[in-house]
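I opened the model to look up strand pairing, helix packing and a few single residues. My notes follow.

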Amino acid sequence: MKIAFVKPPYVIASYYGCGNDFVPPAVSETVLAAWLEKSGYEAEIIDCHAGRMSWDDLGILLEERKIDVACVSGTMTTFHDDYIRAIKLIKEKRPETVTIGGGIHFSLIPEKIMEQCPELDYLVKGEGEITLTELIAALENNDDGKIKGIDGVYYRESGKIVANRPRELFKDLDLLPDPAWHLIPKFGLNPYSFTPEEWGDWTILVTSRGCVGKCTFCSPMHTQGKYREMSANRTLDMIEHAYKTGKTTIWIDDLAFNINRKRIEKFLDGIIERKIKAHFLIHSRPEYILRDRDILHKYREAGIEMVHMGAESYSQDDLDIWKKGISVNTTVEAVSLLKENDMASWVFFMLGAWEHSITDVNAMIDFSKKLDPDVAIFCIATPYPGTDYAADMEKMGIIETSKYRLYDQIHGIMPTKHLTREEIHKLRGRAFFEFYRSDAEKIERKLQSKNEFTRHWYRRLIANANVAPAIPEFE
Ligand code: B12
């Protein structure tokens, strides 16, 4: 049975400011393909972005390859149109190919996706490992009856969409094999221009699922469920394997990597003992940085170069409405602790809460400048379909566009009580400008920073004045 994961030819325009040259490794696909391999199936990954393939190229390839089962990861809302176009193309080129979709965005609104895309035969809600394997086994045996009993599957019967029972959460993440890196191209150069070239090849790893946070706007929190993690030892083995195969920069992209103090301690000791000299970028919540103040020196010693965190707002009211579960001061202290320990801080802010006026936006900019993280990313509050936040905004009737390609946190989606959608969109651009470009002294200081990541970020910012950070068109 010929199984392929198809990543469509999308255009990257992220807030990382790397432009379309940025080639991220396939993450969900390598994780799922590795599980299929462990279960005795072979799969290939057709990554059109990494392979610089156009839609026409993909069409030709689909005609040639004669794939039996084509899997599409519908991870991000912003790429919705590309995922749907890919599924339609797969069916157009070979109607016998069975199409299966999954991923965070698809799992948030499964019925809607099935309705919008009749070419999608099956949709898997939630984690895919077991569900996909059972589904492929049933397809291989031509056992339609069995599909009715596979938890987590959406399918069609006499033109109606049927949802099977939900799939239980994957219990033991230590059972996950290393991602199938052998199925993706080895990058000849470091395409991830926001880390220094000398840091070498890189990858993204996810070592836990879910989060203990309750932020209303967070979409993976809604699909990944209860927090679960790989043990420190399994995480270390996987990282050691990545490191030994030349991936010397590792972005651990968990929603928050250091939720469990015991695990992070074991992890840091293990990295030091095993002499893994990699560069790590991690995600945290500010409160864990405070909790770990006594071991932050070890974070640094183990190679953690940069920590992503959501500050979200200067205003406690915003944080409470969004159920962030921290105080504004927690972030202030966390940024200062990271500085003391020579780790770069990368902080997200959200503009466009319903109550926001121009005064709030100015207060947000002032707060970001005083906080002085190394990287500030201003996002627009985005009502991802399927989240509590979207449900609240829908009830208020203020969502002005359903063009999903704009749901990337850098385009305006809703007005506020005081600002139009377009004004909020433009103000995000202004926030970027004011944080990065209005203060020559700051740029100079950051260029002299002790932290290599920070120096690199500002060198790149100056070199790519028009690219980073990009301010997109309104529509
Ligand atoms: C890696 C990643 C990226 C990578 C992309 C990697 C790639 N090649 O696609 C990079 C860094 C490029 C990236 C960019 C962006 N990202 Co991102 N990213 C992630 C991240 C950290 C991990 C996703 C992942 O692969 N997880 C690991 C896998 C194993 O888990 P999973 O995807 O849930 O998959 C499981 C199931 O969903 C299911 N499944 C998945 N696919 C399939 C397919 C089939 C067939 C089946 C059966 C099952 C199945 O099985 C899997 C295993 O159980 C998530 C946050 C997170 N921790 O989840 C954000 C996340 C997906 N990103 C997000 C966003 C917003 C963005 C940006 C738009 C931000 C920006 N403005 O810059 C950009 C894209 C911008 C653009 N226009 O170019 C949001 C998406 C929200 C939404 N609903 O759309 C997320 C959820 C972060 C967040 N906290 O909100 N991202």
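Which residue in β11 does L205 stand opposite? I looked, and L205 stands opposite I252 in β11.

Ground rules before going further. The model is predicted, and I number residues from 1 along each chain as its sequence is written; local features need pLDDT of at least 70, side-chain atom pairs count only at pLDDT 80 or more, and totals for chains, interfaces and linings use all residues. Side-chain values use heavy atoms, with hydrogens and water left out.

I take helices (H or I, at least four residues) and strands (E, at least two) as DSSP runs, numbered from the N terminus. Two strands pair if DSSP finds at least two bridges between them. Strand β8 covers residues 202-205. Strand β11 covers residues 249-252 and runs parallel to β8, with four bridges joining the two. W202 stands opposite T249 in β11.

I then checked the side chains of β8. W202 and I204 point one way, while T203 and L205 point the other way. In a regular strand the side chains alternate between the two faces of the sheet. All four of these β8 residues, W202, T203, I204 and L205, are buried. My cut-offs: buried is under 20% relative accessible area, exposed is over 50%, and partly exposed lies in between (1.4 Å probe, protein chains only).

Next I traced the whole sheet. It is open, has six strands in the order β8-β11-β12-β13-β14-β15, and its pairing is parallel. β8 and β15 (375-380) stand at the edges with a single partner strand each, so one side of each has no neighbour in the sheet. From one strand to the next the twist averages 20 degrees. For such values, axes are lines fitted to C-alpha atoms (for helices over the stretch in contact), and angles run from 0 to 180 degrees between N-to-C directions.

Two helices lie across strands of this sheet. Helix α9 (residues 232-244) lies across β8, β11 and β12 (279-283), at about 145 degrees to β11. Helix α14 (residues 328-340) lies across β13 (304-312) and β14 (344-351), at about 165 degrees to β13.

Entry: H279.
Is H279 buried or exposed? H279 counts as buried, at 17% relative accessibility. I found H279 in strand β12. Leaving out residues up to four places away in sequence, H279 touches W199, T248, T249, I250, G303 and E305. Contact here means heavy atoms within 4.5 Å.

Entry: the mixed sheet.
How many strands form the open sheet with mixed pairing? Seven strands form it, in the order β2-β1-β3-β4-β5-β6-β7. β2 (43-47) and β7 are the edge strands, and each pairs on one side only. The twist averages 25 degrees from one strand to the next. Helix α1 (residues 28-38) packs on the sheet and touches β1 (3-7), β2 and β3 (69-73); its direction makes about 175 degrees with that of β1.

I went through the pairs. β1 and β2 run parallel and are joined by five bridges. V6 stands opposite I46 in β2. Four of the five residues of β2 are buried, so β2 is largely enclosed by the rest of the structure. Strand β4 (residues 98-102) pairs with strand β5 (residues 122-124) in the parallel sense over two bridges. The bridge partner of I100 in β5 is Y122. Strand β6 (residues 153-157) and strand β7 (residues 160-163) pair in the antiparallel sense over four bridges. Y154 stands opposite A163 in β7. β6 and β7 form a hairpin with two residues between them, and S158 in the turn has a positive phi of about 45 degrees.

Entry: α15 against α17.
The axes of helix α15 (residues 358-371) and helix α17 (residues 421-437) come within 10 Å and cross at roughly 25 degrees. α15 and α17 are therefore roughly parallel to each other. The classes: under 35 degrees is roughly parallel, over 145 roughly antiparallel, 65 to 115 roughly perpendicular, and the rest oblique. In α15, I358, V361, N362, I365, S368 and K369 meet I424, L427, R430, A431, E434 and F435 in α17.

Entry: A137.
I found A137 in helix α6 (residues 129-140). A137 is partly exposed, with a relative accessible area of 25%. From R52, A137 is 85 residues apart in sequence and 32 Å apart in space, C-alpha to C-alpha.
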